[in-house]
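Colleague: I am new to this structure and would like to learn how to read it. Could we go through it feature by feature?

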Amino acid sequence: MTDEKVIEVKDLVKKFGSFIANDHLSFNVHRGEIFGFLGANGAGKTTAIRILSGLSKPSSGEVKVAGYDIYRHAEQVKRHIGYMCQKFSLYEDLTVAENIMLYGGIYGMPGKEIKNKTGTLLESLDFTGYRKRIIGDLPLGIRQKLAFAVAIFHKPDIVFLDEPTGGVDPITRRQFWEMIYKAADDGITIFVTTHYMDEAEYCDRVSIMSEGKIIDIDSPAQLKKKYGSPSIQDVFVKIARPANNK
Amino acid sequence: MRTILYLIRKEFIQIFRSKFLSKAVFGVPIVQMVILVPAFTLEIKNIEVCVVDRDMSAESRQLISKLQGSDFFILKHTTFSDNEADAMLHNNQCDLVLHIPENFGRKIIKEGGEKVMVLANAINASSAQLAWNYMRGVIQDYNSDLLIENLQYKPPSRFLIINTSSRFWYNPTLNYKYYMLPGILVILVTAIGLLLAGLNVVREKETGTLEQLNVTPIKKHQFIIAKLVPFLLIGLVDLAFGLVLGKILFNIPFNGSLALLFLFSSFYLIAVLGLALFLSTMSSTQPQYLFLVFFVVMIFVMMSGIFTPTESMPRWAQQFNTINPAAYFMRVIRMIMLKGSGLNDVLPDIKGIILIGIGTISLAIWRYRKTV
Amino acid sequence: MKRLAGFIKKEFIHIFRDFRTLIFLFGIPAAQILIFGFAVRTDIKNAGIAVLDKAKDEISTGLISKLESSDFFILKENLMTDTRIDEVFKTGEIKAVFIFESEFGKTLINEGSANIQIIADGSEPNVANLVTSYSRAIISDYTMELNRAEETSAIPVEPEVKMYYNPNLESQYMFVPGVIAIVLLLTCAMMTSVTITREEEFGTMEVLLVSPLKPIQVILGKVMPYFLLSLIDVVFILFLSWLVFDIPIRGSLILLMLESMLYIMMGLSLGIMISTLARTMQQAMFTSLLGLMLPAIVLSGFVFPVESMPEIYNWLSSIIPPRWFVTIVKNIMVKGTDFSFVIKETFILLAMTLLFITLSTTRFKKRLE
């Protein structure tokens, strides 16, 4: 992790009609950091991640991703990010290799490089046997891991993961997080939303959201200390719940 | 450019991998050709007639045999009873009733003329009209026979006759199949283009892969071209397939330039596919898209003059047809195939279809957003 | 029962929330009625013609102006040479060329007869046919006038016609029953099969099937809204045809509605059967679109006369439900007949409904196992 800021957000507001989904969010994310975005369903996590990845325009506020202004250079931003969303994002009727080839090609990687890297990628995941298998025929855990591998295949600066481990068994979740650590070691910034509190413990820093607002941002250790809680789960219940019950 | 190739490659893999799509692409033309082409006919044949012959004279029998000799009519029943004939008309057992009154023979010979009454079931107005025209023809024939042969009947001293002879160019026997096959090809190409391309995009929306593409640096035009090209090629292949089938099954003539037809078809398909992409931005599920497209295709095809001449349509309909791509294709494919019309003949239509294409593609680009 | 009512209500809300479905339900019948009523003309009007008048005498020009003054034709060009004929046909503007031989008038007067050659563009057979037969009628009228100027001639047999059921020869008596039959088939068979397969594909059908609702209730809940919507559609089409074309219902409205209900039930059971046969939504869509819609439109006899088709199509059309329903609607609406005239058709539709229901229940049971 360095001090270089790869995501700078100041007073980000997103309204849908009169509904305020993101209410003056301000935070920075540093290069190589694993940044967790916590919140109950409907807290505004997905809205925020969609704005940061250029899928949606903010109503107001300043947002810079990978050094580019999201208003003026959304397409530049897209060159430098990877994205994996709640809905499964690989083509189910294509094979593993065909999916990698497609996304590599979209990011302008030369054909030879794609081929070589596909080999090393599948080897490192121990998935060599799946190369020619249709994605739709593979188990969910393997598909999720592949989706992540594809999302960082073009070596983005930042990868956005929107609840990447939804519906996956604990062992695969574990392995998934190992992949995340490895990517972070390679210098990729990880921006991940989740509502699994145990996953939050793996992050360098977490931001806790409730009803469109960021309630607190800090490292898991600091948060636990601040609120005198044994776990992030407990921190979350303490600070997010009261807002929910209003 | 390379990005586009990667995307196009992906579309083709998907299309060929789907057993159902390949069936739809090649099965549909076969079904349409074999089943529908011979069925599309506006010819009226086998008109069933019931005759009420109250006269039973040589003259009335002569008229009836004239009727039987005609290709258009089938003599279903002869009776004396008006009621029986009426009932037959009412029960759909015959299409026409011919009433020959008493003393018919005597009156035409001695008194120089008599009327016969024809009753027609006119629910289907156009076939009733045609049947009536054919009936008049039969009676006219009978009249001239009388004038020429029957010496008892006194013809006027001088009688001028203008003979007409008619010939039908390009399709001497007025074979309806020649006319309908190009029309069916138009429906085929339109439906395949609109359905497959649009459903493809909506499906990507439903499964979430479209969102994934939207966070990549793909440019709008790359996306649109990548969706156009595969379905453009499929449309052209389908057209070629249909032409070959038509040649084999019905020996449909092809008098014009194939290159010109495929050139025009490409412009047409681009216009239609642009529309498909535009409509796909207005639907979030496949059934929604289907319902929308069905509505659009139905209007386009019905207005295009598939079985009736567009020139007979009212002004507003003709004005609508200037923005109806199917109307252009319907006209041009028949002109090129049957009449061998050349580039100069169809130039105005080419200009028109290009303008429509520019319009639909612009709409698609305008409506397709990489942001939500 | 209360559960079922709630379920039906939910399905209704789904349908009405979506404007595309509403366009489909009401836009299609409205557009079809208006297009068939106002735009599609099976006769000709303003057909472009050209003449090649080698005589240019009083009689030929008289006849040309006679042709020109009719509503059917517009004289677009005076040709000078035979070679131009092919050229003008190729632009598509001209449907027929009338060729007058040189000395046309002189020959007619001196020899009592003369020739006109009509060359029509056979690439549009219907137009070619109509153009020649209308122009022949005009020519024979003109001859009659010429003869009358010479000396009155009596015509031995003069036919008169009475057009039953539709004295003004309005085309709507034909297409309104057709539109009802097609639109109902669309809404019933296609919409239900597509929505049911969609639920199956997205797995929501399983959720419904494990719910306390019985399978038959799930299916009922799915099709009930379409039953009601189709009935509304029938009323809508009848109302629209009355409003725009003044089409009366000569027979019993109650009988017509009862028959419509039967036909709707047939359509719904057909839709359910398609959904049990199709594995995916795409299959259901293509099956109902190609296997159902096109044959229904072509073979129900509402645009194309089935009697003139090759024999096999007559047979094919009798296994197509719309054919029978079109007859029922025509009889009740236009002819004003009572039930005794539609018994056969009613029983055929009833038998088809039962067949589809039996087939789909056996298929459905197999699936659940």
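Predicted model: local features only at pLDDT ≥ 70, side-chain atom pairs only at ≥ 80, totals over all residues.

Colleague: How many residues of domain 1 of chain A are in contact with domain 2 of chain A?

Modeller: On the domain 1 side of chain A there are 12, and they meet seven residues of domain 2. Helix α6 of chain A, residues 170-185, contributes the most to that side of domain 1, namely five residues. By class, this side of domain 1 of chain A consists of seven nonpolar residues, four polar and one charged.

Colleague: And how is chain C divided?

Modeller: Chain C has domain 1 (2-39 + 171-368) and domain 2 (47-150). The C-alpha centres of these two domains of chain C are 49 Å apart.

Colleague: Now the chains. How many residues do chain B and chain A bring to their contact?

Modeller: Chain B brings 20 residues and chain A brings 24. On the chain B side, α1 (2-17) and α8 (209-214) each supply at least two residues. The largest share of that side is from α1(B), with seven residues. The side of chain B that touches chain A holds six nonpolar, 10 polar and four charged residues.

Colleague: Next, the sheet. In what order do its five strands lie?

Modeller: Strands of a sheet pair through backbone hydrogen bonds, in either a parallel or an antiparallel sense. Here the order is β2(B)-β1(B)-β3(B)-β4(B)-β5(C), in an open sheet with mixed pairing. At the edges are β2 (73-79) of chain B and β5 (157-164) of chain C, each of which pairs on one side only. On average, neighbouring strands of this sheet are turned by 25° against each other, direction ignored.

Colleague: In which sense do β3 and β4 of chain B pair?

Modeller: Strand β3 (residues 96-100) and strand β4 (residues 114-121) of chain B are antiparallel, with four bridges. Opposite B:H99 stands B:M117 in β4(B).

Colleague: Which helix packs on the sheet?

Modeller: Helix α4 of chain B, residues 82-90, does. Helix α4 touches β1 (47-53), β2, β3 and β4 of chain B, together with β5 of chain C. The direction of this helix makes about 165° with that of β1(B).

Conventions. Residues numbered from 1 in each chain as written. Chains lettered and ligands numbered in written order. Contact = placed C-beta atoms within 7 Å. Nonpolar A, V, L, I, M, F, W, Y, C, P; charged D, E, K, R; others polar. Domains from an automatic or database assignment. Pairing = 2+ DSSP bridges. Axes fitted to C-alpha atoms, helices over the stretch in contact; angles between N-to-C directions.
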